[in-house]
Amino acid sequence: MEWLEIAKIANTHGLKGELKLLASTDFPEERFKVGKEVFLGSEGTYTPVTISGYRKHKQFIMVTFKGMHHINDVEKYKGLKLYVHAEDLQDLDEHEFYYHEIIGCTVYDGETKIGVVSDILETGANDVWTIKRDGKKDVLIPYIEQVVASVDVEQKRIQITPLPGLIEE
């Protein structure tokens, strides 16, 4: 069975069992919906937990789990990660991708390799992809039609047409 990481538990919050998550998922409002089952993972062991509370707080996702109403119930989970089954993912529309499909793709301008997508930043208007380059500064590429020409998740290849000045040498 394939597991996909959706968050890392950064810390506890308050005394009522709330956890502060660093999300690594594209649809947090869907992934952490009240009543959803997610899995606490460590060293190949996955324990199901049910989301009983969800809210956003600054850059964090705050959740509570069903049946865990006190800090003592959840303190042991600090540093663990949350997962979902890969087959639980819904199909996306054309030109929509999951983070795990984009991160790790090699980016090209024509036949010239630019680098590899290492991170995705949500800016509100559009996502911005961080491209890690060998021996050079990272490049930030907006995920917009004018820049990203094609995405082939099977081949892990992204073709771009950079705007002038987008990529510094």
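1. Buried residues account for 37% of the 169 residues in the protein chain, where buried means under 20% relative accessible area, exposed over 50% and partly exposed in between (1.4 Å probe, protein chains only). The accessible areas themselves come from the Shrake-Rupley method with a 1.4 Å probe, and for residues only the protein chains shown count as cover.

2. A word on provenance: this is a predicted model, with local features needing pLDDT of at least 70 and side-chain atom pairs counted only at pLDDT 80 or more, while totals for chains, interfaces and linings use all residues. Residues are numbered from 1 along each chain as its sequence is written, and side-chain values use heavy atoms, leaving out hydrogens and water.

3. On the overall layout, the protein chain has three helices and 12 strands; these are DSSP runs numbered from the N terminus (helices H or I, at least four residues; strands E, at least two). The C-alpha trace spans about 55 × 30 × 30 Å along its principal axes.

4. The protein chain splits into domain 1 (3-89) and domain 2 (99-160), with bounds from an automatic or database domain assignment. Taken over C-alpha atoms, the centres of domain 1 and domain 2 are 28 Å apart.

5. Have a look at the surface patch of negative charge formed by E2, E37, E87 and D88. Patch members have over 30% relative accessible area and no salt bridge, and like charges are joined within 9 Å. A salt bridge here is a side-chain nitrogen of Lys or Arg within 4 Å of a carboxyl oxygen of Asp or Glu. Asp and Glu count as negative, and the charge is placed at CG of Asp or CD of Glu.

6. Most residues other than glycine have a negative phi. K58, though, has a positive phi near 55°; K58 lies in the loop between β4 (45-57) and β5 (60-65) and is exposed, because its relative accessible area is 72%. K156 also has a positive phi, of about 55°. K156 is in the loop between β11 (148-152) and β12 (157-160), and at 32% relative accessibility it counts as partly exposed.

7. Finally, D127 belongs to strand β9 (residues 127-132) and is partly exposed, with a relative accessible area of 25%. How far apart are D127 and E37 in sequence and in space? They are separated by 90 residues in sequence and by 27 Å in space, C-alpha to C-alpha.

Note on methods. Patch = residues over 30% accessible without salt bridge, like charges linked within 9 Å, V, L, I, M, F, W, Y side chains within 5 Å.
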